[in-house]
Each structure stands twice: as C-alpha cells, then as structure tokens.
Amino acid sequence: MTGMQRETLFEIEQVVFSYDQKNLALNGVSLEIFAGERLAILGSNGSGKSTLLKLMDGLYFAQQGEIRYRGTRLTSELLNQENFAFGFRRAVSLVFQDSDVQLFSPSVWDEVAFAPLQLDLAPAEVEARVAEALGGLNITTLRDRAPHRLSGGEKKKVAIASVLSLRPEIWLLDEPTAGLDPRSQSWLIDFIQERWRQGNTIVTATHDLDVLDDIADRVIVFNEMHRVEAMGTVAEILSDEELLVRCNLAHRHRHYHFDDVVHEHHHLHQGEHQHTHLE
Amino acid sequence: MAKSNNAIAGAVERTLAEVTASIENNIFAEEMTHKPGMLQGLDPRAKILMFLALLLAISLSRSLPVLLGLYIFSLLLAWLSQVPLGFFIKRVWLFMPFFTGIIAIPALFSFITPGNPLLVLWSNPLLVITDRGVMTAAFLLLRVGASVSMGILLVLTTPWNALLKALSVLRVPKVFILTLGMTYRYIYLLLHTANDMFLARKSRIVGRMDSAGERRWIAASMGGLLSRSFDLSNDVYLAMLSRGYRGEARVAHTFAFTTRDWLWTAVALAVAVVAIYLGR
Ligand SMILES: Nc1ncnc2c1ncn2[C@@H]1O[C@H](COP(=O)(O)OP(=O)(O)OP(=O)(O)O)[C@@H](O)[C@H]1O
Ligand SMILES: [Mg+2]
C-alpha cells in the first residue's frame, strides 16, 4: 500500500505488558504506524486496545519488546527528559476512553487551556488557541461550566477540545464514538476526517464495525489472547466473517423468524436495525 | 433489635449519601464562588492573607469571649458574602463531633483534667465532670469550630483553581500546591464514585436489606470505592502527563490588587491583632 513510501511514526515490536505481573494486557504485539494514515485498532472488550494506546502515548512502557517513535525507543527515562517530552507530548495526543479522567480542571476554559499552558505559550496565544478549539467544536457557550457536570457527549467534546488546543499531529482516539448520539457521532466522524485531510495521523481504538469505513483505511484486529490476529484494509477485514466471530466482534445468536422456525445466525452488529446474515 | 439495627444502618447510609452529595454539590460545584458577595469579589491573594491572620489569631487566643468574637466575625464575613448562614453554621457544627468529639469529651472528666467537680457521674470510682474540664472542652470546640468556619468560608468563596494559583503566586512550594491539587481531584473522584454507587445500589435494590447485609454492603463498597478512586486518580495523572504536564502545572492568572483588597486585608489584620492582644 501507499504506506510504504511514508515515514514510519511508530514501530511496535513484540510488546508485552501486564498491569499486575499476572494477567497479560498485551502479549507480543507488533505493528507499524505510518505518517498521515488512518488506522483502526479493532478488538473486543479487554483485548488490550486502551493499553496499547497508553503505551504509544508514553504513559506506560513495554515490559518486553519495544516501541520506537520516529526511530527512538520510548522509555520512562526518555520521557523524563524535558526536551524530548516537550516535543513528544506536543506531537502525540491521546483522547481517553473515559472522559471523566481526562477532565480534571474546574472549568471548561481551564481544561482546554491546560495543554497550551504546559507548553509555556504566551497568554494571548493560549487565549487564542482555547477560543479556536472551543469554536471548532461549537462549545464556546460551555466555557465557564464545570467539566464534570456536563453530559457525556459534551464531556467528549471538551476532552477533544482539550487536545485540539495542543494542535497535535498524531491523534490516538480511544473509543471516541462510544456513548454518543447519532448526530454527535456523525459530527465526530467529520471531525476525524477533517483532521486527517489536514495531514494528521489518526489511530482509533474501537469495536464499532459500523464506523470503521469512515475513520480508517487500515485495520488491525486484536484477539482475546491480547495479540494481533489480523491486519488489512477495512474491506478485507469486514468481509472476513470467520475472523470477526473468532475475535468476538460478531457473534452467533438465535432468533425467531416469522415462519416460527428458530434460526441460528452469525450476527455482525452493524447499526441498530441492520443485520448482516452470514449464513 | 433487628429493626433498630436496620434503622441505624439505613440512617448511616442516608447520612453518607447526603454528605457525599452535599459536598459534591456545594464545594465542587463552586456555586457560592459565583455569587456577588464581598469575599467573592476579593483577590484570592488578599483572602489568603486575611484568613491566615485570622487563623493565627484563633490559634493564639486564650480567652473564650475573644474566640467567640472571632467566630462571630466569621459569621459576619459569611453574611457579607451571601453564604446562607443556616447552611454555613450547620455544615461546620454538624461535622464538629467527628473532628473534636474524640478529643473534647475525655477532657471533660476529672481523671484527664483535674478541677472542681461540676457533676458527679459516678461516686465509686469517682467520675466527675470538672469546671476546668468543661472550659478545656469548650475552648477546644470553639477554637476548632472557628478555624473550620474560616477555612470553609475561604474554600466556599474562592474557586479552587484560583486558590491554587494564588498559593503559587504567593510562592508556596510547588510540591505543596501539587499535593493539594491532586488531593482535590482525588476527593472529587472519591465522592463522585461514592454517589454513583449509592445511586446504582438504589436502582438495583428491591425491598429492604437486612442489617447484616447492609453492613456487609457498606464495608465491601468502601473497600471497592477506595481502590476504584485510586485507579481513577492514577488515570487522571496519566491524562495530565499526556497533555504535557511536567511536574509543575503552569497556570494563567489575572489577579489584581484593588483598594478594596487592601482595605479588607487591613480590616482582617486589625481584627487579628486586637484579638491576639485581648486574648493573651
Ligand atoms: N488499571 C488496570 N489494572 C489492572 N488491569 C488492567 C487495568 N486496565 C486494564 N487492565 C486489564 O488489561 C487488559 C486489557 O485492558 P484494556 O483496557 O487495554 O482493554 P480494551 O481493549 O481497551 O477493552 P475495552 O474495549 O473494554 O475498552 C484487560 O484484561 C484488563 O482487565
Ligand atoms: Mg479500552
């Protein structure tokens, strides 16, 4: 694919990670991420998507194997170095799965200003970036509200604005569409596409097969053993029904048809009412 | 017996739920900080100086009337700042037993504080409440009550962020401010999680639980609560790191000392000096 000519941003090699030294969250994961691509990480609950994003964001570190960012191995010593951390945090941003942990400031304005302030930007520049981010997400009216008292969708927007004000090149999005109503969801897809057209790299963790086509060119699939099961284009992955069932992204269940006969089907969960019958 | 136990457990749960909800609403919502009151209009740095002076006076004063006067002064400040007095007084004194009861009550008795007997509770062995014991306990209660009132007043009328900013502008060590900031987030998450758990439970429970079940639930959920909020605050820290936090939060402030700030700082200093002099 076109990825071949592009700069490699992340090289992830045989990464093993466990939170508690007992249960593995990542079990020898390898992949590469190229500049300017849209990659989706697909996997069922607990397969390790969020963990991988946190490792890529330099928040946790591989216990075996390694992650290289633009050729440099990410280690906690490196992230403690002021000038590396400065450049890295500025370029790579993670939108957390749980907005509640990402929103820790007393007002929306402070939340969105947090990252630019940490970059030591001039006050006027901070003000300008906050205004731009709030305007871009259409949430200027929320600026004085307490983030933790907003609705789920509003929180998600504030979380995105709090990253947008940093103007990152690489977006790591952890289940961005979860819990959003259809309108917010389609707004978010537009937002992702817009960032991508601006040249940003977008990595999205999801188990929502529905939005895959809109947010990704390439897909990697995690299995329940916390390993990469498959990689391919969206079309290739979506057409591999056996793979999706095996990785618990589609499932088998029974239901009644009008003829009163019980059928057993593989179900791809796509949308609320539209089912694809696989056999 | 079982019935009264049940009632107690129910009351404990209700109280916990009320306390967490009320702290979350009153302190974390920062509603009071937006009212157009006197303290709300002051520069946070001025407020910190005022309250430091007043707290010093409270801790140095050795006269009951002076302590009472300082407490009344805190009520006056609350009234000028549109903090509802009933709410304010209740909040402070409702929690007082938790803070001081444990220390104050034993001080009443003769074996801790010798003095003239006021009330004989038991003659053999002799257990009496002494006059000096009552004085000691009253001092303790009033001193803590007045201090807590001042502290609560400062927090109620100042957005938390402004308070932290003011502290860092006043050159309080960064580690201290960071700790305060993390504590705030931690307590917030703790309360928030607790409220969610009470709600989640309420929505699941059908009928009444027996008192043993009630106690078990409270014990189990407190353990879960602590570990959950610990995980959450760890994630909050990661989220701060992710957005470029490097050990010391940079803050934007637009503080400006006005004549009013100078004036009120002077008033508070004067009150403190007079109180220290009178309460020697
Ligand atoms: N803070 C933590 N402490 C201990 N174990 C954890 C922690 N966070 C995640 N895990 C475990 O690590 C594994 C991977 O979790 P992770 O959150 O990465 O999954 P995920 O693919 O993002 O799932 P989901 O779709 O539910 O978000 C799971 O088995 C989970 O139980
Ligand atoms: Mg996840």
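Begin by selecting the magnesium ion, ligand 2, in this predicted model. Its coordinating atoms are OG of A:Ser50 and OE1 of A:Gln97, at 1.9 to 2.2 Å. The two residues lie 47 positions apart and belong to distant parts of the chain: A:Ser50 sits in helix α1 (residues 49-56) of chain A, whereas A:Gln97 lies in the loop between β6 (92-95) and α4 (99-102) of chain A. A:Gln97, at 41%, is partly exposed.

A:Glu175 belongs to the loop between β7 (170-174) and α8 (182-197) of chain A, 126 residues away from A:Lys49. Both A:Glu175 and A:Lys49 are buried.

Next, display the open sheet of chain A, in which four strands follow the order β2-β1-β4-β5 with antiparallel pairing. The edges are taken by β2 (24-34) and β5 (72-73); each has a single partner strand, so one side of each lacks a neighbour in the sheet. Despite its place at the edge, β2(A) is mostly covered, with eight of its eleven residues buried.

Follow β2(A) to its partner β1(A): the two run antiparallel and are joined by eight bridges. Within this pairing, A:Phe17 stands opposite A:Leu26 in β2(A). The hairpin of these strands has five residues between them, and there A:Gln21 takes a positive phi near 65°.

Now move to the pairing of β1 (residues 8-18) with β4 (residues 64-69) in chain A, which is antiparallel over five bridges. Here A:Glu13 stands opposite A:Glu66 in β4(A). Which side chain meets that of A:Arg68 in a salt bridge? The partner is A:Glu11, at 3.3 Å from N to O. A:Arg68 is itself buried, with a relative accessible area of 16%.

For a further salt bridge, select A:Glu37 and A:Arg218, whose side chains meet at 2.8 Å, N to O. A:Glu37 is in the loop between β2 and β3 (38-42) of chain A, and A:Arg218 is in strand β9 (residues 218-222) of chain A, 181 residues apart. A:Glu37 is buried at 4% relative accessibility, as is A:Arg218 at 13%. Over all chains, the count comes to 20 salt bridges.

Turn to helix α3 (residues 82-91) of chain A and colour its buried residues: A:Phe84, A:Ala85, A:Phe88, A:Arg89 and A:Ala91. Viewed down the axis of α3(A), these fall within an arc of 165°, so they line one face of the helix.

Finally, select B:Leu76, B:Trp79, B:Leu80, B:Leu85 and B:Ile89, which form a nonpolar surface patch with about 430 Å² of accessible area together. Helices α3 (64-80) and α4 (85-107) of chain B each supply at least two of the patch residues, and α3(B) gives the largest share, three residues. End on B:Ile89, which is found in α4 of chain B and counts as partly exposed at 32% relative accessibility.

Key:
Residues numbered from 1 in each chain as written. Chains lettered and ligands numbered in written order. Predicted model: local features only at pLDDT ≥ 70, side-chain atom pairs only at ≥ 80, totals over all residues. Heavy atoms only, no water. Pairing = 2+ DSSP bridges. Donors = N, O, S within 2.8 Å, 3.2 Å for Na, K, Ca; no water. Buried < 20%, exposed > 50% of the residue type's maximum accessible area, 1.4 Å probe, protein only. Arc of directions from axis to C-beta. Patch = residues over 30% accessible without salt bridge, like charges linked within 9 Å, V, L, I, M, F, W, Y side chains within 5 Å. Areas by Shrake-Rupley, 256 points an atom, 1.4 Å probe, with all protein chains shown as cover. Salt bridge = Lys/Arg side-chain N within 4 Å of Asp/Glu carboxyl O.
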